[in-house]
Amino acid sequence: MSLFRTKDTLMESLGIEIKEVKPDGTCIATMPVDERTHQPFGYLHGGASVALAETVVSLGAASLVDLEKKAVFGQEINANHVRSKRDGLVTATASVIYQGGSSMVYEARIVDEKDRLISICRCTIAVVTKR
């Protein structure tokens, strides 16, 4: 069974593609900067960046738990958008900072094709027992 699905999800709508989920919980994905991810003025929407960040964080965290018994949910996220972008592709890399039994803290860095920082996000993930 796959760790995730993309059809009929926000990932599909925004064009997010998962490139790698590593055993250490690192997750890497790309997202186009185009009409799907623009704000009204033609730049990358901060909300699209946050959606990309929470996607890689959630998939990274999910890879670290037994999904038969546990579920992961974004509990808090903050973002600093430090550079604008009009077109092209951004890449997000999520890395675990803290891994506990009931929560995790992740950092997600979003960069452009020249590895320039676009956004930096921190996300707290809740780890809950399935009922």
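Which side chain makes a polar contact with the side chain of T26? Keep that in mind as you tour this predicted model.

**Stop 1**

Six of them form an open sheet, in the order 1-2-4-5-6-3, with antiparallel pairing. Now find the edges. They are strand 1 (17-21) and strand 3 (70-81), and each pairs on one side only. Look along the sheet. Neighbouring strands are turned by 25 degrees against each other on average, ignoring direction. What holds such strands side by side? Strands of a sheet pair through backbone hydrogen bonds, either parallel or antiparallel.

**Stop 2: strands 5 and 6**

Select residues 103-111, which are strand 5, and residues 117-129, which are strand 6. The two run antiparallel, and 9 bridges join them.

**Stop 3: helix 2**

Select residues 46-62, which make up helix 2. How far apart are its end C-alpha atoms? They are 24 Å apart. At 1.5 Å a residue, the 17 residues should span 24 Å, so the two values agree.

Keep the helix selected and show the sheet again. Helix 2 lies across strand 1, strand 2 (27-33), strand 3, strand 4 (88-99), strand 5 and strand 6. Against strand 3, helix 2 runs at about 145 degrees.

Is helix 2 largely enclosed or largely open? Of its 17 residues, 13 are buried, so helix 2 is largely enclosed by the rest of the structure.

**Stop 4: T26**

Go to the loop between strand 1 and strand 2, and select T26. Its relative accessibility is 9%. Buried means under 20%, so T26 counts as buried. Here is the reply to the opening question: the side chain of T26 makes a polar contact with the side chain of D24, at 2.8 Å. Next, show the surroundings. Leaving out residues up to four places away in sequence, T26 touches E20, V21, T93, A94 and S95.

**Stop 5: R116**

Move to the loop between strand 5 and strand 6, where R116 sits. R116 has a relative accessible area of 36%. That value lies between the 20% and 50% cut-offs, so R116 is partly exposed.

Show side chains here. The side chain of R116 makes a polar contact with that of D112, at 2.7 Å. Beyond residues up to four places away in sequence, R116 touches R83, I110 and V111. Finish with R83. Along the chain, R83 and R116 are 33 residues apart, yet 8.2 Å separates their C-alpha atoms.

Conventions. Residues are numbered from 1 along each chain as its sequence is written. This is a predicted model: local features need pLDDT of at least 70, side-chain atom pairs count only at pLDDT 80 or more; totals for chains, interfaces and linings use all residues. Side-chain values use heavy atoms; hydrogens and water are left out. Helices (H or I, at least four residues) and strands (E, at least two) are DSSP runs, numbered from the N terminus. The expected span of a helix is 1.5 Å times one less than its number of residues. Buried means under 20% relative accessible area, exposed over 50%, partly exposed in between (1.4 Å probe, protein chains only). Two strands pair if DSSP finds at least two bridges between them. Axes are lines fitted to C-alpha atoms, for helices over the stretch in contact, and angles run from 0 to 180 degrees between N-to-C directions. Contact means heavy atoms within 4.5 Å. A polar contact is a pair of N or O atoms within 3.5 Å; within protein, one must be able to donate a hydrogen and the other to accept it, and residues adjacent in sequence count only if both atoms are side-chain atoms.
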